[in-house]
Amino acid sequence: MTNCKLFITSRPTVLRATPVLAPVFVTVAAFTAGCTGDPGPDPDLVTPEVLAEEHAEWRANRHRSLTNPAAGVISWAGLWALAEGPNRFGSDPSLAIVLPPEDAPPFAGTLHLENGEVRLVPEAESGLTLDVASAVTEELPLRSDRQDNTTILALGSLGLRIHSERGTDRLWLRVWDRDAPRLAAFQLPDYFPVSTDWRLPARFDPYPEPRIVPLADVRGGTVENESPGELVFEVGDREHRLVAFARATSSSYFISLWDSTAVSDTYQGGRYMRVPRANDQGWTVIDFNRAYNPPCVFTPFSVCSLPPRDNRLQVAVTAGEKRPAEPAY
């Protein structure tokens, strides 16, 4: 017997600019989207057992990503905003950028920021290498982590790269430590119990044109993200919306949200999620079990963006990652 679930919304936006017979078509399309064997977004297609298994795998992957010694969040050891002009770095405390003396000489080199471009002038015998391989002995242009072929430098156990954020002309030097003691000791925070109740069908409601949305960040500045539209879903017979961020080439939507669990259980600044792109019928599934903490929960060396005002939900999302029981740093 075919197992179907009917998803119907009475919002007039669903019927916007549709022919006279569109209500019949929309109802049928929404009905078939939830049928077993159909590619539609019926969250009941995943049993609690399968959901728990998939969630455990997702958590394991998240732990591996955070503790990756090659620039995982837990390995981050420094973040310095670059000033226009020369930025000298090394272990000498008088320099603009001070690195650990066990990894860096007193003066390792200078990062010159000019008109949005960064070039490195290394000090002789600084120990700087490219990708832990060839020694850097001559002036070198550096490509940021928002560019293809990002330049990765190494100095002792440290990795270094230029960090950039969309919609801002600010640039930083990001440093991580491949031997950071935190890597072996790190444990993920607790999660709310995994539940199929928080795996919800969502309709993608596109904007006429993508919008650029300015977002405040934890460094006191502003970054920008591009949004093609909103995800519409229901909790407790009430409709809710989330601004979804994605570029034309993105394979998923990025969501930053805030809900009332931030008062007691989750990070006060909000959480992040990734949601699959909508299918050809305009549907996807939001799995709130996979709401996770932004990097700034685990390190002070981040430029986390905060959720837009429109993504402050009027419902307690008792799913996903909680804030750490003890301060993470």
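These are my notebook entries on what I looked up in this structure, which is a predicted model.

**Entry 1: the core**

I began with the largest nonpolar core and found that it has 26 residues. Those with the most contacts inside this core are Leu66, Val73, Ile74, Phe186, Phe245 and Phe298. I then asked which elements give two or more residues to the core, and these are helix 2 (48-66) and strand 12 (199-216). The largest share, three residues, comes from strand 12.

**Entry 2: helix 2**

I next checked the length of helix 2, whose 19 residues should span 27 Å at 1.5 Å a residue, and its end C-alpha atoms are 26 Å apart, which agrees. In this helix I noted Leu51, His55, Trp58, Arg62 and Leu66 as buried. Seen down the helix axis, the buried residues of helix 2 fall within an arc of 70°, so they line one face of the helix. On the face turned away from that buried side I found the exposed residues Glu49, Glu53, Glu57 and Arg64. What covers the buried residues of helix 2? Strand 12 and strand 17 are included in that cover.

Strand 12 and strand 17 run antiparallel and are joined by five bridges. To place one of these residues, I looked up Pro201 and found that its bridge partner in strand 17 is Val285.

**Entry 3: aromatic pairs**

My search of the whole structure for aromatic pairs finds eight. The rings of Trp58 and Tyr191 have their centres 6.1 Å apart and their planes at 90°, so I recorded the pair as edge-to-face. Because Trp58 lies in helix 2 and Tyr191 in the loop between helix 3 (182-185) and strand 12, the pair ties together parts that are 133 residues apart in sequence. Are these two residues buried or exposed? Trp58 is buried, with a relative accessible area of 18%, and Tyr191 is buried too, with a value of 13%.

I then turned to Tyr272 and Tyr292, whose ring centres are 6.0 Å apart and whose planes are at 90°, so this pair is also edge-to-face. The pair links distant parts of the chain, with Tyr272 in strand 16 (residues 271-276) and Tyr292 in the segment after strand 17, 20 residues apart. I noted that both Tyr272 and Tyr292 are buried. Together with Phe245 and Phe254, Tyr272 and Tyr292 form one aromatic cluster, and Phe245 is a residue I had already met among those with the most contacts inside the largest nonpolar core.

Terms used: Residues are numbered from 1 along each chain as its sequence is written. This is a predicted model: local features need pLDDT of at least 70, side-chain atom pairs count only at pLDDT 80 or more; totals for chains, interfaces and linings use all residues. Side-chain values use heavy atoms; hydrogens and water are left out. A nonpolar core is a set of buried Ala, Val, Leu, Ile, Met, Phe, Trp, Tyr and Cys residues joined through side-chain atoms within 4.5 Å. Buried means under 20% relative accessible area, exposed over 50%, partly exposed in between (1.4 Å probe, protein chains only). Helices (H or I, at least four residues) and strands (E, at least two) are DSSP runs, numbered from the N terminus. Two strands pair if DSSP finds at least two bridges between them. The expected span of a helix is 1.5 Å times one less than its number of residues. The arc is that of the directions from the helix axis to the C-beta atoms. Contact means heavy atoms within 4.5 Å. Rings of Phe, Tyr and Trp (its six-membered ring) pair if their centres lie within 6.5 Å; planes under 30 degrees apart count as stacked, over 60 as edge-to-face and the rest as tilted.
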